[in-house]
Amino acid sequence: MRRRPADFRRPVRRRFTHWIWALFGVFTIVGLVLFVVHHNQSEDRIEQPLLERNSRIEQVAHDRLNFTEEISSATSFSRQLSEQITLAKAYLVIAKEHSNLHLAWELSNKIRSSQLLLSKAVMRGEPITLEEAEPIIKSLSALIFKAQDTHYDISTTIMTMKSHIQALEERANAATVQSTVFGQLAAEALPKSLHCLNVKLIADWMRYPSFQEQADERRNSQRVVDNNLYHFCIFSDNVLATSVVVNSTVLNADHPKQLVFHIVTNEINYGAMQTWFLSNDFKGSTIEVQKIEDFSWLNASYAPVLKQMLDPNTRAYYFGGLQDLAVEPKLRNPKYLLLLNHLRFYIPEIYPQLEKVVFLDDDVVVQKDLTPLFSLDLHGNVNGAVETCLEAFHRYYKYLNFSNSIISSKFDPQACGWAFGMNVFDLVAWRKANVTGRYHYWQEQNADGLLWKPGTLPPGLLTFYGLTEPLDRRWHVLGLGYDLNIDNRLIESAAVIHFNGNMKPWMKLGITSLLCFSQIKLSPH
């Protein structure tokens with residue numbers, strides 16, 4: 001059969017008409033709208049219980065935070081239980097002291113029960129109810145009444161608690177005193193490597209007579225009385241410390257052969273001191289060693305301080321224990337009984353031919369040439385010293401008893417203090433002003449020990465009052481034996497650094513980290 005041309009063919013019938021497509025679109029839109037509406041309604045139904053539950057949690061948390069107010073309330077059961085527990089604990093202590101162990105056990109049991117109930121209330125965040133509190137409060141009250149019937153009344157309770165407090169305070173004070181004493185002992189303890197130094201030196205002094213011959217020659221040398229030389233005096237019983245002072249002074253001197261050192265020690269250390277300084281050549285400087293026992297003029301009839309040192313009550317005060325806890329332990333240090341510490345007030349008598357000396361303590365290290373000190377103008381004063389009143393606690397009122405009219409009528413409490421350790425003394429002006437006589441006067445006034453604290457600085461402040469010339473602070477920097485916060489720049493610029501305090505470099509408690517000391521040798525060899 002022949003096919004028709006394309007123009008005469010019949011059109012093909014479509015499976016879907018346009019109205020079907022339109023109907024499908026309408027149903028789709030309606031379905032989407034229904035889905036959105038249903039989803040929003042479901043979220044509202046879910047959020048509502050969540051909000052209610054969160055509000056309940058916040059309310060519970062709010063109730064828990066108010067438990068402190070609950071226990072502080074005067075009408076709450078928690079407050080009543082807390083007060084009863086406190087009272088029961090007091091009666092528990094008293095019952096134990098009176099050996100009423102049965103009552104003590106009952107009180108202890110009820111206290112634990114009350115504490116357990118309070119803990120449960122805190123954990124659940126709800127106040128204690130009447131049903132919970134009533135049986136414990138009644139039973140604990142009955143026990144407290146029972147304790148009162150056993151004559152544990154309030155007055156007995158108060159007295160017992162007072163005695164306990166007093167006993168605790170005494171124990172605390174005793175522990176403080178013991179700690180201070182042990183600290184002082186540790187501060188004075190030499191390292192083990194130095195324990196045998198004195199023994200070896202004394203053995204050499206006894207073994208070799210040549211040392212004693214050399215000592216006699218130096219004693220008779222004209223250099224020790226030549227006022228054209230630079231004279232330094234050191235009073236010490238410590239060979240190691242004295243050697244550091246001498247050697248550091250020599251190492252930093254421009255002309256060490258013009259230096260003369262006058263050392264005074266005691267008889268115990270005299271041989272060791274002589275042997276050490278005779279065995280070493282300190283760059284040609286002259287070193288004279290004397291012992292205090294050779295000063296026959298220094299006796300109790302001449303020196304009031306020596307008379308006080310020999311007094312039995314004074315010696316019992318320093319060596320008889322620490323019964324009086326009101327006294328600061330460090331003020332009982334027996335070092336205050338060492339006459340060597342007081343020789344600084346007798347320098348013109350020890351060296352009658354000298355005109356000017358520089359006094360050095362045995363715990364200083366010299367870093368610069370000290371000979372310029374001898375050319376300083378003291379403006380007629382006796383003592384050249386560095387003032388220490390940059391801090392308020394170094395005023396006169398901190399050292400002296402201004403409640404005594406003898407002190408308050410002659411001295412200004414705000415007067416500036418100064419330091420021993422590196423001092424320039426004009427011995428001509430000293431003799432003219434009779435400074436030693438002034439020192440004797442104040443020592444006699446202080447026979448009862450009420451005018452100042454123990455030590456040499458307070459009588460020095462009185463003796464040299466109006467006779468002290470302030471020096472530049474860089475000549476003498478103090479505090480390296482107790483203050484770790486001194487500026488390193490100040491230490492480096494100082495002519496003399498002073499390790500006053502317990503933490504001296506050669507002691508077990510020494511500050512080993514300090515610069516410049518570790519570079520100092522004991523001797524030039």
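Phe425 is in contact (heavy atoms within 4.5 Å) with Ile347, Glu355, Lys356, Val357, Phe359, Val382, Asn383, Phe420, Trp430 and Phe464, neighbours within four places in sequence being left aside. The model is predicted: local features need pLDDT of at least 70, side-chain atom pairs count only at pLDDT 80 or more, and totals for chains, interfaces and linings use all residues. Residues are numbered from 1 along each chain as its sequence is written, and side-chain values use heavy atoms, with hydrogens and water left out.

Phe425 also belongs, with Phe235, Leu343 and Phe464, to the residues with the most contacts inside the largest nonpolar core, which has 46 residues. Such a core is a set of buried Ala, Val, Leu, Ile, Met, Phe, Trp, Tyr and Cys residues joined through side-chain atoms within 4.5 Å. At least two residues of this core come from each of β1 (230-235), α11 (304-309), α13 (347-350), β4 (356-360), α15 (427-433), α16 (435-445) and α17 (457-463). Helices (H or I, at least four residues) and strands (E, at least two) are DSSP runs, numbered from the N terminus. Another core, of 38 residues, lies apart from the largest one and includes Ala253, Phe282, Leu378 and Val424.

The cysteines come next. A pair of cysteine sulfur atoms within 2.5 Å is taken as a disulfide, and by this rule the count comes to 1. The disulfide joins Cys389 to Cys416, with an S to S distance of 1.8 Å. Its torsion about the S-S bond is about -95 degrees, so the disulfide is left-handed. Cys389 lies in the loop between β6 (383-385) and α14 (405-408), and Cys416 in the loop between α14 and β7 (422-426), so the pair ties together parts that are 27 residues apart in sequence.

Accessibility classes are buried (under 20% relative accessible area), exposed (over 50%) and partly exposed in between, with a 1.4 Å probe and protein chains only.

| Residue | Relative accessible area | Class |
|---|---|---|
| Cys389 | 17% | buried |
| Cys416 | 18% | buried |
| Cys196 | 56% | exposed |
| Cys233 | 0% | buried |
| Leu240 | 10% | buried |

Leu240 is found in helix α9 (residues 239-251). Its C-alpha atom is separated by 9.3 Å from that of Asn198, 42 residues apart along the chain.

Helix α4 (residues 101-124) has 24 residues and should span 34 Å at 1.5 Å a residue; its end C-alpha atoms are 35 Å apart, which agrees. The expected span is 1.5 Å times one less than the number of residues. Buried residues in α4 include Leu103, Leu107, Ile111, Ser114 and Leu118. Gly125, which follows α4, has a positive phi, near 75 degrees.
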